[in-house]
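Visitor: I am new here and would like a tour. Could you show me the model and take my questions one by one?

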Amino acid sequence: MTTPLLEIDNLRVDFDLPTGPVTAVKDVSFSIGENQTLALVGESGSGKSVTSTAVMRLLPEMARISGKIRFAGEDLTEASASRIRQLRGNDISMIFQEPMTSLNPLQRIGRQVAEVLKKHRSMSGKAARARVLELLEQVGIPEAQRRIDSYPYELSGGQRQRVMIAMALACEPRLLIADEPTTALDVTVQAQILELLRDLQRRYGMAILFITHDLGLVRQFAERVCVMRHGELVESGSTAEVFAAPRHDYTRMLLEAEPRGHKPPVAADAPLLLQARNMRVRFTTRKRLFAADDVFEAVRGITLDVQRGQTVGIVGESGSGKSTLGRALLRLLDSQGQLRFEDTDISGFDKALMRPLRSRMQVVFQDPFGSLSPRLTVGEIISEGLRVHFPELDRRERERRVIEALEDVALDPLMRKRYPHEFSGGQRQRIAIARALVLKPDFLLLDEPTSALDRSVQVTVIELLRHLQDKYGLTYVFISHDLAVVRALSDTVLVMKDGMVVEQGATESVFANPREAYTRELMRAAFVDPAA
Amino acid sequence: MLNYIAKRLAMAIPTLWIVITLSFFLMRLAPGGPFDGERQLPPEIEANLMAAYHLDEPLWMQYLRYMGNLLQGDFGPSFKYKDFSVTELIMQGFPVSLELGALAIGLALLLGLPMGVMAALKRNTALDYSLMGVALGGIAIPNFVIAPLMALLFGVLLGWLPVGGWNGGALPNLVLPVVALAIQQIAYVARMMRASMIEVLGSHYIRTARAKGLREHEVILRHALRPAMLPVLSYLGPAIAGIITGSVVIEQIFGLPGIGRYFVQGALNRDYTLVMGTVVFYGVLIVLMNLIVDLLYSLFDPQIRYDD
């Protein structure tokens with residue numbers, strides 16, 4: 001092979017923070033050849049995004065770079081600002097993780113894509129528009145002719161990412177840096193975007209530096225892989241080699257972090273804890289004072305039985321109604337249809353009637369950062385429910401139960417004096433679980449409890465949930481878009497789309513023999529191997 | 001759009017009613033009356049005057065009578081400026097106040113926006129600190145302090161500008177009142193523009209613009225400026241209210257024949273109808289200006305559409 005297209009040689013990036021310098025990337029070296037795809041893998045904070053942003057010289061001013069970044073033999077760390085601007089968007093382009101916010105909200109998308117062409121190819125407005133139209137069609141924007149004059153807010157996340165790709169490819173770059181391009185998207189959209197990138201790579205013959213935390217994607221997508229941790233490169237090699245025989249412990253740990261195992265089924269005659277018959281949830285909005293209501297049905301006639309000790313997994317893409325269903329099951333939202341908790345018909349129960357049942361039906365939300373009050377200590381957060389539901393308990397008893405709950409979620413009880421911001425995402429999710437657990441619930445709604453966490457942290461939270469279910473005989477409804485997690489945790493699974501059930505059944509039979517095309521598509525997109 | 005405008009105007013009616021009612025009764029709570037002068041009027045004459053203006057009726061009847069007239073667009077006669085109706089006085093004063101206010105808002109944007117942008121671009125440098133220091137001063141010092149000080153310095157001591165008077169709206173007469181009125185708004189606009197510019201510069205789409213290979217000034221002008229101006233634009237509604245209340249003080253200090261001066265004089269003289277007239281006029285003005293600002297906003301931000 002001749003000179004590689006991109007050669008990174010002992011790259012080091014330090015940030016001059018007010019609190020002192022922090023090293024984000026240390027002695028990283030790798031190279032990418034023409035037409036090659038290299039995946040840079042690591043968990044949040046591993047320095048993978050800093051590395052890729054350094055190539056574009058887009059790091060903030062407080063960053064200090066040393067080492068060499070050679071693009072087609074030219075050292076970019078030494079290049080002038082105007083030379084870098086010539087390369088950006090032209091020879092090297094980049095797509096980012098946040099499709100929702102990466103486009104200028106006040107400009108039509110056609111103009112934003114055309115800007116690159118006008119800049120680097122000196123195209124006239126008319127020629128640029130024609131080329132933009134062609135690009136939008138290539139990246140699969142439906143009705144490109146009409147969409148070219150849309151504003152970003154009129155497009156979905158997947159479409160916006162396609163626009164970003166069109167912008168990145170406009171000048172046919174030799175290197176495309178894709179920084180977690182699909183992380184914010186639904187699995188089926190993710191698969192489409194990756195297929196698109198692969199197809200365009202074939203057509204344009206560009207190299208791709210692919211940054212991700214998802215090893216499943218790497219296996220599908222990249223020829224070579226570099227694993228980063230704490231700013232250092234711990235392992236690199238061909239994807240096949242690394243996956244077959246990881247040399248570094250951390251790589252091995254990442255590979256094993258895929259959720260595994262199955263849930264032992266409950267006895268067939270286990271009593272029913274929750275029964276929902278023909279559940280419907282409608283949202284009405286009124287646009288004008290005297291206009292008819294707009295009715296949107298988010299959940300359309302779902303029937304569901306949950307036995308004591310069972311875990312029911314609900315999967316589906318965003319907007320499928322899975323969270324709405326979950327909230328309706330707890331009567332946090334009003335719904336139609338029949339709903340029974342044990343022997344009580346709670347169908348029409350209002351807040352006051354539900355209150356005594358609340359301690360027995362608890363919920364853990366997705367966002368471990370937003371769902372804990374920042375002004376309360378962990379101890380106060382956990383004990384708050386006790387004060388409401390068990391006012392007869394004295395301070396010492398409350399304290400004892402808080403400590404017990406923290407021990408249950410494997411956190412040091414001394415941490416109850418601290419505030420949520422002092423904890424990592426995984427720890428916060430444990431706190432959220434402890435907050436639900438302290439009330440000794442029978443039923444726990446878990447709404448994407450692991451989605452915001454790194455894979456290796458996810459696995460420990462899943463283990464914890466399993467352990468707690470065993471210990472306390474808990475019943476879970478587990479909502480997730482992550483099929484691998486659902487497969488590892490649930491007895492039965494319910495696949496939702498547009499507010500309806502597409503497929504429902506015992507987890508293993510649904511995963512091994514999906515009957516519906518949509519379920520198969522979801523699995524293919526999530527790279528779940530039915531045979532595993 | 002028309003639908004939206006109609007709805008907004010309809011929603012303003014209860015607001016205005018509360019403002020009018022409150023001012024009406026508050027005004028009457030103040031001791032004294034329109035005919036208390038230095039020279040005591042003979043009781044018969046005062047009684048006749050009171051009867052002529054229906055001031056001898058019970059308060060609730062006066063209120064109903066006033067509201068009734070108001071609905072017909074009649075602000076009533078002024079008690080002090082005999083021979084003039086309140087409408088005539090307001091129409092006389094309005095062009096002066098309008099010119100003053102429009103110039104002050106214009107000046108606030110003309111100076112405030114660039115100050116904010118510069119401070120944001122040179123964040124945490126000496127330039128940023130000095131611009132924001134000046135702005136903080138502008139906010140902290142009230143206009144009734146700054147106006148006489150300016151008149152003293154530029155009018156009396158340096159003799160560059162007249163200390164007061166309208167003089168048909170001649171430029172030298174305008175400078176001090178407009179600047180005094182605008183200072184606080186310049187400061188607010190500058191601080192707001194700086195904050196929102198900094199936020200926009202940190203946003204993902206600015207990173208995208210840089211990744212396209214644009215020059216820094218292209219990034220700022222094409223991608224950062226307009227989004228950053230949105231918060232300032234929505235501040236214009238309150239800013240106009242601020243300018244109006246500010247002009248009450250400034251017109252008094254510089255002796256300008258605008259509505260603000262009539263308002264103050266009216267309040268001091270217990271000229272009930274004149275005060276009420278200006279309150280209603282200011283109320284309607286603020287409602288209308290806020291509506292116009294919100295409509296302007298929709299021109300800036302494509303996500304805001306009023307044509308349900």
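Guide: Helices (H or I, at least four residues) and strands (E, at least two) are DSSP runs, numbered from the N terminus. This is a predicted model, where local features need pLDDT of at least 70, side-chain atom pairs count only at pLDDT 80 or more, and totals for chains, interfaces and linings use all residues. Residues are numbered from 1 along each chain as its sequence is written, while chains are lettered from A and ligands numbered from 1 in the order in which they are written.

Visitor: Which residues of helix α13 of chain A are buried?
Guide: Helix α13 covers residues 378-389 of chain A. What covers its buried residues includes α14 (395-408) and α15 (425-437) of chain A. The buried residues are A:Val378, A:Ile381, A:Ile382, A:Ser383 and A:Leu386.

Visitor: In chain A, where is confidence highest?
Guide: The score is pLDDT, the predictor's confidence in each residue, from 0 to 100. Chain A has a mean of 89, and 97% of its residues reach 70 or more. The lowest confidence in chain A is in helix α8 (residues 215-221), at a mean of 84, and the highest, at 95, is in α3(A).

Visitor: Which element of chain A gives the most to the side that touches chain B?
Guide: Two residues are in contact if their C-beta atoms, placed from the backbone, lie within 7 Å. By that rule, 26 residues of chain A are in contact with 20 residues of chain B. On the chain A side, α2 (81-87), β6 (92-95) and α3 (109-121) each supply at least two residues. The element that gives the most, with four residues, is α3(A).

Visitor: Where does the largest nonpolar core lie?
Guide: A nonpolar core is a set of buried Ala, Val, Leu, Ile, Met, Phe, Trp, Tyr and Cys residues joined through C-beta atoms within 7 Å. The largest has 150 residues, and those with the most contacts inside it are A:Val113, A:Ala166, A:Leu209 and A:Val477.

Visitor: What is the bridge partner of A:Met94 in β7(A)?
Guide: Two strands pair if DSSP finds at least two bridges between them. Four bridges join β6(A) to strand β7 (residues 175-179) of chain A, and the two run parallel. Both faces of β6(A) are covered, with A:Ile92 and A:Met94 buried on one side and A:Ser93 and A:Ile95 on the other. The partner of A:Met94 is A:Ile177.

Visitor: Which strands are at the edges of the open sheet in chain A?
Guide: Four strands form this sheet in the order β2-β1-β4-β5, with antiparallel pairing. Within it, β1 (residues 6-17) and β4 (residues 63-71) pair over eight bridges. Each edge strand pairs on one side only, and the two are β2 (20-32) and β5 (74-75) of chain A.

Visitor: How many helices does chain B have?
Guide: Of the 308 residues of chain B, 34% count as buried. Chain B has zero strands, and its helices number 11.

Methods:
Buried ≥ 20, exposed ≤ 12 C-beta atoms within 10 Å, placed from the backbone.
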